Amino acid sequence: MIARRLAYWLLRGYQLFLSPLLGNHCRFYPTCSQYAIEAIEQHGVMRGTWMGCRRLLRCHPWHPGGVDPVPSAKTSTTPHTHTSTNR
C-alpha cells in the first residue's frame, strides 16, 4: 500500500511540475504517466510499473501512437475444477 501511494505521488508530481515544462508531445491517450498510474492501480506496483515502462519504450517517433488503454486485470472468480466423464 505504501509503495502504491509513493508511485502514485511520484507520477502525480511529474504530471503537475515537470510535464508542463516539457510541453505536450504525447503520442498516446491516455498519456504515459496516466497510463502508469492506472496500471499500478489495476495491477499493483510491480506489474503496473513494468507495464508503464513498456509503454514508455513504445513512445518514439516511429510509433503511430493512438488510444492505448490499460488492459483489465484478469481475475478468475470460479476455481478451476476437473470433472471427469468416466465414473
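A nonpolar core is a set of buried Ala, Val, Leu, Ile, Met, Phe, Trp, Tyr and Cys residues joined through side-chain atoms within 4.5 Å. In this predicted model, the largest such core has 5 residues, namely Ala7, Leu11, Ala36, Ile37 and Ile40. Helix H1, spanning 2-22, and helix H2, spanning 32-43, each supply at least two residues of this core, and H2 gives the most to it, with 3 residues.

**Overall chain**

- The secondary structure of the protein chain comes to 3 helices and 2 strands, and from the N terminus on these elements run in the order α-β-α-α-β.
- The protein chain has 87 residues, of which 23% count as buried.
- Among the contacts in the protein chain with a separation of 6 or more, 68% are accounted for by residues 24 or more positions apart.

**Packing of H1 with H2**

- The axes of H1 and H2 come within 10 Å and cross at roughly 165 degrees; because angles over 145 degrees count as roughly antiparallel, H1 and H2 are roughly antiparallel to each other.
- The crossing of H1 and H2 is left-handed, and the contact is made on the H1 side by Arg4, Ala7, Tyr8, Leu11, Arg12, Tyr14 and Gln15, and on the H2 side by Ser33, Gln34, Ala36, Ile37, Ile40 and Glu41.
- Sorted by class, the residues in the contact of H1 with H2 are 7 nonpolar, 3 polar and 3 charged.

**Packing of H2 with H3**

- The axes of H2 and helix H3, which covers residues 45-58, come within 7 Å and cross at roughly 155 degrees; this angle makes H2 roughly antiparallel to H3.
- H2 passes H3 in a right-handed crossing, in which Cys32, Tyr35, Ala36, Ala39, Ile40 and His43 of H2 meet Val45, Arg47, Gly48, Thr49, Met51, Gly52, Arg55, Leu56 and Arg58 of H3.
- The residues in the contact of H2 with H3 divide into 8 nonpolar, 4 polar and 3 charged.

Definitions and conventions. Residues are numbered from 1 along each chain as its sequence is written. This is a predicted model: local features need pLDDT of at least 70, side-chain atom pairs count only at pLDDT 80 or more; totals for chains, interfaces and linings use all residues. Side-chain values use heavy atoms; hydrogens and water are left out. Buried means under 20% relative accessible area, exposed over 50%, partly exposed in between (1.4 Å probe, protein chains only). Helices (H or I, at least four residues) and strands (E, at least two) are DSSP runs, numbered from the N terminus. Axes are lines fitted to C-alpha atoms, for helices over the stretch in contact, and angles run from 0 to 180 degrees between N-to-C directions. Angles under 35 degrees count as roughly parallel, over 145 as roughly antiparallel, 65 to 115 as roughly perpendicular and the rest as oblique. A crossing is left-handed if the near helix is turned anticlockwise from the far one by less than a right angle, and right-handed if clockwise. Contact means heavy atoms within 4.5 Å. Ala, Val, Leu, Ile, Met, Phe, Trp, Tyr, Cys and Pro count as nonpolar, Asp, Glu, Lys and Arg as charged, and the others, Gly among them, as polar.
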